[in-house]
Amino acid sequence: MLLQIKNLHVSINGKEILKGVNLEVNKGEVHAIMGPNGTGKSTLAAVVAGKEGYEITQGEILFNGKDISEMPPEVRAQEGIFLGFQYPVEIPGVSMTNFMRTALNEIRRYHGEEPIAAKEFLARMAEKKALVEINSKLTNRSVNEGFSGGEKKKNEIFQMAMLEPKLAILDETDSGLDIDALRIVANGVNKLKTSENATIVITHYQRLLDYIVPDFVHVLFEGEVVLSGGKELALELEEKGYDWIKKEIEKP
Amino acid sequence: MSQEINTIPALNKISQWFDAVVEKDGKAFSGLQKERTLALAEFKRLGFPHKKLEKWRNTDLKTVLSFDYTMVSEDLQMQDALDEVFECDINDLDAFVVNLYKGRFVYNESPIYTLKDGVIVGSLSAAFDKYPELITKHFGKYAKTENNAFNALNTALFLDGLFVYVPKNIISEKPIQLINAVGTINDVFVQNRNLIILEENSQLKIIQCDDSYNYKRSLTNSVTEIVLGANASLDHYRLQNINNNSSLINSLAVEQARDSRLNTNSFILNGGLIRNETYTKFNGEGANADIRGVYLADKNQHIDNQVYVDHAVPNCTSNELFKGILDDYAHAVFKGHILVRKDAQKTLAFQNNANIILTDKAMINTKPFLEIYADDVKCSHGATVGQLDESAMFYIRQRGISEDNARMLLMYAFAAEVTQEIEIDSLRDRIQDMIKKRLRGELSICDQCVLQCSTPEEYNFEIDMSKI
């Protein structure tokens, strides 16, 4: 099993956001986590990636059988966890090329590998740029600086392609995308899918799931996974709305 | 002042130094006797600056001035100087290199040269002899002595410095690089004096390096006067990397005619105490000044940037951007004074000082200061002090980059806003590389120097005399 989240309780400043989340993800699987706003989806993604400021009060997060809950974010990344940010950060003055080469080499060093040769690196950049249909000029610029919303999201998938993680968590990657960008982003994700890696897609809408077809859909509501099912669950949600979930839960 | 005499050893020696300078160089500076005497009197009236003065309230010279400095006034043995002087290894920087050593201009055959394009480069004292009219027209006209003790002291005591003259309509392609080193004796007090004249429509790039190549204590008081003719353009870079025992007061006084362009940048990489003063005055409309700086300080280092822009006429633009990163107990000071005089309508003046403070013991005193007497102007100022952006830190670390390297990347990027504007490609690469090394703690004071003092015997080098 790649990722195993057991009874995870998480608080921010003493306020409990996740109230006992359970989730299991295997290699080769695509999971979708859906749910209304403010229900803890982004918190779950951030906690798995190791962002500071969250307190795990109960439960554990296992990745490849290892408890990662005390690992710094870079070690989790080196272990193979990638977070596609809902709001990618602009970093003026750091070139995309330099950023990716540094990241790739640190990950390689963690696994006892030599730094990537310049020629190989450039070839990889070119190949992955084509995969996400990203404009060549963007990678010559500073990280996300002056990128449009769509470009930023494409850039997240480009980085995912470059780093080849075992588990990618894509946090609201579809938000703010027009239909063309959405198709490109989804295509990228689909092409990167192998039997060895897994993807968790966090989304508010069913729309993205027309392009990235999940094996499992989970509904996160008020800090808990209240419903899990196959891809048809997403359609049912779309049709009936989140109020339906509320009613389902409130049934005695 | 009476108290100071007891505590500042240098003060007791100044008359003696003055006599030596006047006696030795009486011939070379025959036209200057009166000015020197006047400047000495000004200095005696002012004394060394102290913290009660508004301009010095955050920079304390007490420790710096507590040492018993020596001023070297005897003639420089050129061969010794040539043996000790070093070349800068800024890669591929095709520059015309000149050296100052213990306040003297180092030369092999002739102290002053006329380059192919008519640009005159050489020793200021030689220029006094050769071009007296040109010099007296400008010397001492921009670096004021009546309210600036270090300018007064410099005028009274300087021995030599760099002189550059760019004739009308000449675009000087090759940058001139001035390397100042203070030599190998202990506690030396050096007064460098430079004069740079750009005639109408001319262009020049100049790199002014202050370096140490050992750990001996020194105090340098460097004064540079620059006059920009109509539509002249100067790119000026100060690169400062001196040892922690040494102090540097580096003043720049510029006068700008109409439509002239000043682009001056200072990069303070290391030093015990460094104070850069930048003063520019717009004398003609349509002139522009970009004044930028990066300073990196740690341990007990003290960095002070003082900028004064005098918008004396309408329709001029000034832009200031200073960025600093402070670690350990470092202390930095920034004061940017913009004066917009009554008639200087349509002035655009912007000022920004941004700081990253890495510890709670490091300190910055930043004071943007606008003094505006015209009513149709656009001026702004801003100062920020902060830590590294946490969301950016997480973003970078999430890609697998360690905390240390993430910090490094962000600090480097912070400085890049200034460094990426460097107009000389090889210099930009070199400074960015030096900043990287400095942030990693790998920068040595010898980093530009081929004469690595820790292992001097391993280096045999020859100066290419054709370059001097």
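Visitor: How many bridges join strand β1 of chain A to strand β4 of chain A, and how do the two strands run?

Guide: Two strands are read as paired when at least two bridges are found between them. In this predicted model, strand β1 (residues 3–12) and strand β4 (residues 55–63) of chain A run antiparallel and are joined by 7 bridges. On the β4(A) side, E55(A) is the bridge partner of S11(A).

Visitor: In which order do the strands of this open sheet lie?

Guide: The sheet has 4 strands in chain A, ordered β2-β1-β4-β5, and their pairing is antiparallel. Its edges are formed by β2 (15–25) and β5 (66–67) of chain A, each of which pairs on one side only.

Visitor: Which helix packs on the sheet?

Guide: Helix α1 (residues 41–49) of chain A does, touching β1, β2 and β4 of that chain. The direction of α1(A) makes about 70° with that of β2(A).

Visitor: Why may the radius of gyration of chain A be said to agree with that of a compact globule?

Guide: A compact globule of 252 residues would have a radius of gyration near 18 Å, and chain A has 18 Å, so the two agree. The C-alpha atoms of chain A fill a box of roughly 65 × 40 × 35 Å along the principal axes. Chain A contains 8 helices and 12 strands, and 43% of its 252 residues count as buried.

Visitor: Is helix α7 of chain B mostly covered or mostly uncovered?

Guide: A residue counts as buried if 20 or more other C-beta atoms lie within 10 Å of its own. Helix α7 (residues 149–157) of chain B is mostly covered, with 9 of its 9 residues buried; among them are F150(B), L153(B) and L157(B).

Technical notes. Residues numbered from 1 in each chain as written. Chains lettered and ligands numbered in written order. Predicted model: local features only at pLDDT ≥ 70, side-chain atom pairs only at ≥ 80, totals over all residues. Buried ≥ 20, exposed ≤ 12 C-beta atoms within 10 Å, placed from the backbone. Contact = placed C-beta atoms within 7 Å. Axes fitted to C-alpha atoms, helices over the stretch in contact; angles between N-to-C directions. Rg over C-alpha atoms; globule rule 2.2 N^0.38 Å.
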